Amino acid sequence: MRYGYFDDDAREYVVTTPHTPYPWINYLGSEKFFSLVSHQAGGYSFYRDAKMRRLTRYRYNNIPADAGGRYLYVHDEGDVWTPSWLPVKADLDHFEARHGLGYSRITGSRGGLTVDTLFFVPLGEDAEIQRVTVTNDTDAEKTVTLFSFVEFCLWNAQDDQTNYQRNLSIGEVEIEQEGPHGSAIYHRTEYRERRDHYAVFGVNTPADGFDTDRDTFVGQYNGLGEAAVPRSGVSANSVASGWYPIGSHSVKLTLAPGESRDLVYTLGYVENPDEEKWADDDHQLINRQRAHDLLGRFATAEQADAAFEALRAHWTGLLSTYSVRSTDEKLDRMVNVWNQYQCMVTFNMSRSASFFETGIGRGMGFRDSNQDLLGFVHLIPERARERIIDIASTQFADGSAYHQYQPLTKRGNNDIGSGFNDDPLWLIAGVAAYVKETGDFSILDEPVPFDNEPGSEVPLFEHLTRSFEFTVENRGPHGLPLIGRADWNDCLNLNCFSTTPGESFQTTENQAGGAAESVFIAAQFVLYGQQYADLAARRGLADVSSRAEELVEEMRTAVLKDGWDGQWFLRAYDYYGTPVGTDADPEGKIWIEPQGFATMAGIGLESGAAEQALDSVGELLATDHGMVLQYPAYTTYQVQLGEVSTYPPGYKENGGIFCHNNPWVIIGETVLGRGDRAFDYYKRITPAYREDISEVHKLEPYVYAQMIAGKEAVRHGEAKNSWLTGTAAWNFVAVSQHLLGVRTDYDGLVVDPQIGPDVPTFTVTRVARGATYEISVTNSGAQGSRGALVVDGTPIEGNTVPYAPAGSTVRVEVTL
């Protein structure tokens, strides 16, 4: 069952009913100001940090699920409705929500009136624009009143939801009915003390009235769907004093038959230097000049339209770096638009702010952000460089790292701390991907501190060395890496032994004296340790490179000797040295992570172990909705394993389809030359291929979910946690670099497609280091076949196309 459709020409997903199985959302902004907006206008806005600079409120775990947002109420001769359907829920004659790249457009019609609202964050601005067009579709004159609504958050989103004894007394606003560009409301809570910032909510016309007090606007014991002021038809001109500050303007419009009127609402964030905070000597009136400047830039619909066109052009430019034309429209739309778009969103958000992450509990992840780099480095390499430096600056001198850091301060998060022993190696992965994409070896000489401590700066390459040596120095009795608090799977807590309800599995003090080892980190070390060796060799450090390769080979041997169970790779050894993920176990026999990653790393290719491991994945882990994380799922709490066994069978890390690691198997299958299997697995979790079962999948059919319920779950196939997931980056790596087979390397573009017979012909356009490569593939789909390349009419040996000068176009013909 579908609830909309893809408009591929417009690069939009069109939601045709408000009654989707779950709120389907979009992200606005890609620089400093961000908004989340659902197809029903729900969501919230923030500046840089969803916890520390939250502009508007949103309530999670609410009933209904999508409660709170930026709403526009219509009062039409006593008939009150909202074009977004929520919150009033009055029946609409027509509803449409279009989610595009950095914008959403919601249109609702009722009683002969159509209200169309375009939401977007302009490039270079710290503001959300709501461009509204109201049209009288009848043959008679209409007089209607519009009531806007936003509810201000008191900046710190966590404190805002907990510290009511203070917060119900500090709300402050200023009201400007006759400003230079219309009417505006200023949210200035705590501005009198330590804050240098405020929010402004303005409309580009003199408003007929306003409200800034939520209780007055909504009415005693009412919800937003029955708000008193819109039903009365007249603003109350309320002034918030403590309690709950909001922003609402009423605008009365008289429309001739067929007439349309445009309005522009601006929700902005403004900072003033300390010496410019106030407009008066008594420090009573905020300095509004920067807000006036902002409102002036969007004082007309034409100005808003120009900013919107600039945004669209920006995305066209970004997406021109990698595109495909094939016989499969679902493949094309995911590769060309939605997967890359989601990669950009995960770059901006990491795992911090979605409809499943409140923006309070998590900042930017060390491992998360390094993996996200793999999916967006080709789009914005200059910002990838900045992100690498930010990440590396949170590393400790021993090579370990803070697991998370706050985007506002870029400082490590002490609440979570460190001890996740896979973290260090991801830095090598991110840096190697960046250097391959750009050829910018100078980043390796960039001075970077440890723990952001001034004076501790060393070249970035030294940070990579510390990452590599951390794993070397932290190995257990089998020569495999110690797992620490956890590896990639934060719920596999082999040293925790928690029996206290509510205790964090990740941050509680680990039990000392054990030797829990991770086969996953071992495979990771083989893959990224070799990349470290390659970088060292290219820096002329032959001895360093040679030693690194010896240690990588040593780890490869350890995995095959003590990390192999006969039909698949073990997952780990626990605190007591007992293997985890062995056929001898009644539950948790086989785990997906080491099977995919070991094959990606080339472990067991010659012996046949890799092929056997992926055959076992197909037999035991694969389902119609993707591959489960482990099987069978745990039915009782296993204290020696930790959080993984606390989930019901089939959900999250306990036998759920954790989509993030499915691409590792997909890539592994291409390494084996089994492109047909790889593409089949790809389609099982990719949202565009799941659109027809949206009533089962529930979440957006245009972006990946973190998790799909596994085969032992009650609702197998139901997705959770969309948008902010490493699945976005890894699946783009899988499809672009391995299925379609076009990836950057140090000396050239590797062209090695492995996609099976379902896509007999396709053309990839790839811009790399300033040159454009047009790669046309004729694909037999024969298992194990590798492409023969003809470059500009000349056959070449191997699969690497040397880089061409910037500005040139290279034509590559590939035959499999």
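Predicted model: local features only at pLDDT ≥ 70, side-chain atom pairs only at ≥ 80, totals over all residues.
## The largest pocket

Let's start with open space. The largest pocket holds about 980 Å³, and 38 residues line it. If you want to find its centre on screen, look for K436, L527, Q531, H738 and R743, which lie nearest to that point.

At least two residues each come from the helices α10 (423–438), α12 (519–538), α16 (662–671) and α20 (727–739), and from strand β35 (742–744). The biggest contributor is α12, which supplies seven residues. Sorted by class, the lining of the largest pocket has 18 nonpolar, nine polar and eleven charged residues.

## The second largest pocket

Next comes the second largest pocket, with a volume of about 720 Å³. Its lining is made of 30 residues, and those closest to the centre are E357, R362, D490, K652 and E653.

What is the make-up by class of the lining of the second largest pocket? Here you will find 13 polar residues, nine charged and eight nonpolar.

## Helix α7

Helix α7 covers residues 329–349, 21 residues in total. At 1.5 Å a residue, α7 should span 30 Å, and its end C-alpha atoms lie 28 Å apart, so the two values agree. Along the way, α7 bends by about 45° at V335.

Is α7 mostly buried or exposed? Buried means under 20% relative accessible area, and 19 of the 21 residues of α7 are buried, so the helix is largely enclosed by the rest of the structure.

## Strands around β19

One of the contacts to look for is H197, whose bridge partner in β19 is E271.

## A three-stranded sheet

Finally, there is an open sheet of three strands in the order β25-β26-β27, with antiparallel pairing. Its edges are β25 (517–518) and β27 (579–580), each of which pairs on one side only.

Strand β26 (residues 572–573) is joined to β27 by two bridges in the antiparallel sense. To locate this pairing in the structure, find Y573, which stands opposite P579 in β27.

Conventions. Residues numbered from 1 in each chain as written. Heavy atoms only, no water. 1 Å grid on protein atoms, 1.4 Å probe; cavity = no way out; pocket = protein on both sides within 12 Å on 5 of 7 lines; lining within 4 Å. Points joined across faces, edges and corners; volume = space filled by probe spheres on them. Helix = DSSP H or I, 4+ residues; strand = E, 2+ residues; numbered from the N terminus. Nonpolar A, V, L, I, M, F, W, Y, C, P; charged D, E, K, R; others polar. Pairing = 2+ DSSP bridges. Expected span 1.5 Å × (residues − 1). Bend = angle between axes of the 7 residues up to and from the residue. Buried < 20%, exposed > 50% of the residue type's maximum accessible area, 1.4 Å probe, protein only.
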